[in-house]
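This dialogue shows a student how to read several features of a protein model.

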Amino acid sequence: MAMANFSRRKVLSLSGSLTKSDLLRSSLYISSSYRSFSTGSDENDVVVLGGGPGGYVAAIKAAQLGLKTTCIEKRGTLGGTCLNVGCIPSKALLHSSHMYHEAKHSFANHGVKFSQVEVDLPAMMSQKDKAVSNLTRGIEGLFKKNKVNYVKGFGKFVSPSEVAVDTLDGASTTVKGKNIIIATGSDVKSLPGVTIDEKKIVSSTGALALSEVPKKLVVIGAGYIGLEMGSVWGRLGSEVTVVEFAPDIVPSMDSEVRKLFQRTLEKQKMKFMLKTKVVGVDTSGEGVKLTLEPAAGGEQSILEADVVLVSAGRVPYTAGLGLDKIGVQTDKAGRITVDHRFATNVPGVFAIGDVIPGPMLAHKAEEDGVACVEFIAGKEGHVDYDMVPGVVYTHPEVASVGKTEDQLKTSGVVYRVGKFPFLANSRAKAIDDAEGVVKILADKESDKILGVHIMSPNAGELIHEAVLALQYGASSEDIARTCHAHPTMSEAVKEAAMATYDKPIHI
């Protein structure tokens, strides 16, 4: 076994003094170090259960830190919900549908005219599928590059250091690891009495693969996913109605920005039924009939649809993992409880991403994965959930980071507010896309930025200047005194910062 520490060159140079069996053992070691799949007898430094954004990033980072790593993924393609049936395909359809909407409603204003514009839905879906396929293959390439072992199958704990895997090819194996990271993500939250069949009543997965544009689409839930998918099909011709139990859409959003956002969506012909609950579903006919009533109780009404999208949130995916077998603790919401090192109560078992508390976002899971592996490797990792940006990828987009004004009022923080509308931004006016605002919240005494909220085209890109500012404790004056290229949308961030600590120039 001492041969395991020798390089190939040393093995060859000493071959004259070695026996035939010594050479055989050394050659087996050398060849095994280049295998891309682990065997049941191998012991890994790190085993990652789940190949989504948190899982595959954790696996790659672990390998980069010199840890022998295996990633187990039941789907057969890497990237998890996000890449396969979430973030990526939805953004592909959001972009394609926006292009169609612009061609139909805005191009003529720019001197570009068509005799006819039509939707080729199969081609649109094909473009989406191609993007997903290319990206999933790309992650497999990264696994090979970083020498991450990849096992395709469903894994469950048999002990804190062993995972039994039923592989997709019908076999079974056991993967051993000194440290095992649970990164199995989340699943669609079901509603009582509402059965998802992915035909008439669909989850976000089904909404990404409809074979035709529904005449009437009802979205249950006014969160990120529901509003994005409602936007896709609304642009393509559906009459969209959003039913929400709460009094507001996207409850985590700053209330002032939320009101502007809702008005914008209503101008795009999206209808809202707030403070409303679904109490009955009838799918016996060609379409779907929903029985609704006020959230506080009252007179019932019927709402008809061709397709109903259930988008009431997501829940941690931990079913069948054998957590009870090894004693991993969860909270009332089914989330795995972890400490600041992402360690569970079971030594050697860790958890990241959607299965633990915190925002259920792909980029948050990635940060969890890196930090968790750094702790395992004996380094220091850190994720500040107050610095995780959130984005609704409608048009305009809404992006935010840090505290909302509502939160600051509740906590009693004395603050200042600076706002700047995109109607006064030269780039936005030049491209005729000027709906939105930048809102900055800063501590009144220190001027330290506490929160930033942006509604605009590409707000999801603009927000990262604010994320960096919060990360480094910047003041609004710091942003205001930073030169921004002209003409750009980001100048609105500079002007809002000027409005926070002093006065803006262009309004």
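**Reading the annotated sites and helix packing**

Q: Which residues does UniProt place under the feature "binding site" together with Gly 221?

A: In this predicted model, an unreviewed UniProt entry places the feature "binding site" at Gly 221, Ala 222, Gly 223, Tyr 224, Ile 225, Gly 226, Leu 227, Glu 228, Glu 244 and Gly 313. Of these residues, Ile 225 and Gly 313 are included in the lining of the largest cavity. Such annotations may be inferred rather than shown by experiment.

Q: Where is Ala 222 found, and is Ala 222 buried or exposed?

A: Ala 222 is found in the loop that runs between strand E8 (216-220) and helix H8 (224-235). A residue is called buried when its relative accessible area is under 20%. Ala 222 has a relative accessible area of 1%, and is therefore buried.

Q: Which residues is Ala 222 in contact with, leaving aside its neighbours within four places in sequence?

A: With those neighbours left aside, Ala 222 is in contact with Leu 227, Val 242, Glu 244, Ile 249 and Val 250.

Q: Which other residues does UniProt list for "binding site"?

A: The unreviewed entry also lists Lys 91, Gly 155, Thr 184, Gly 185, Ser 186, Asp 354, Met 360, Leu 361, Ala 362 and His 363. They are spread over 273 residues of sequence and also spread in space, up to 30.0 Å between C-alpha atoms. Of these residues, Lys 91 and His 363 are included in the lining of the second largest pocket.

Q: Where is Met 360 found, and which residues does Met 360 touch beyond four places in sequence?

A: Met 360 is found in the loop between strand E16 (349-351) and helix H11 (362-376). Met 360 counts as partly exposed because its relative accessibility is 31%. Not counting residues up to four places away in sequence, Met 360 touches Ser 186, Arg 314, Val 315, Pro 316 and Asp 354.

Q: What is the place of Leu 361?

A: Leu 361 has its place in the loop between E16 and H11. Apart from residues up to four places away in sequence, Leu 361 touches Asp 354, Val 388 and Pro 389.

Q: How do the axes of helix H3 and H11 cross?

A: The axes of H3 (residues 53-64) and H11 come within 7 Å and cross at roughly 30°. Angles under 35 degrees count as roughly parallel, and H3 is therefore roughly parallel to H11. H3 passes H11 in a right-handed crossing. Among the residues that meet are Tyr 56 and Val 57 in H3, and Ala 365 and Val 370 in H11.

Q: At roughly what angle do the axes of helix H5 and helix H6 cross?

A: The axes of H5 (residues 87-105) and H6 (residues 121-145) cross at roughly 145° and come within 9 Å. H5 passes H6 in a right-handed crossing. The residues that meet include Ile 88 and Leu 93 in H5, and Met 124 and Leu 135 in H6.

Note on methods: Residues numbered from 1 in each chain as written. Predicted model: local features only at pLDDT ≥ 70, side-chain atom pairs only at ≥ 80, totals over all residues. Heavy atoms only, no water. 1 Å grid on protein atoms, 1.4 Å probe; cavity = no way out; pocket = protein on both sides within 12 Å on 5 of 7 lines; lining within 4 Å. Helix = DSSP H or I, 4+ residues; strand = E, 2+ residues; numbered from the N terminus. Buried < 20%, exposed > 50% of the residue type's maximum accessible area, 1.4 Å probe, protein only. Contact = heavy atoms within 4.5 Å. Axes fitted to C-alpha atoms, helices over the stretch in contact; angles between N-to-C directions. Parallel < 35°, antiparallel > 145°, perpendicular 65-115°, else oblique. Left-handed = near helix turned anticlockwise from the far one by under 90°.
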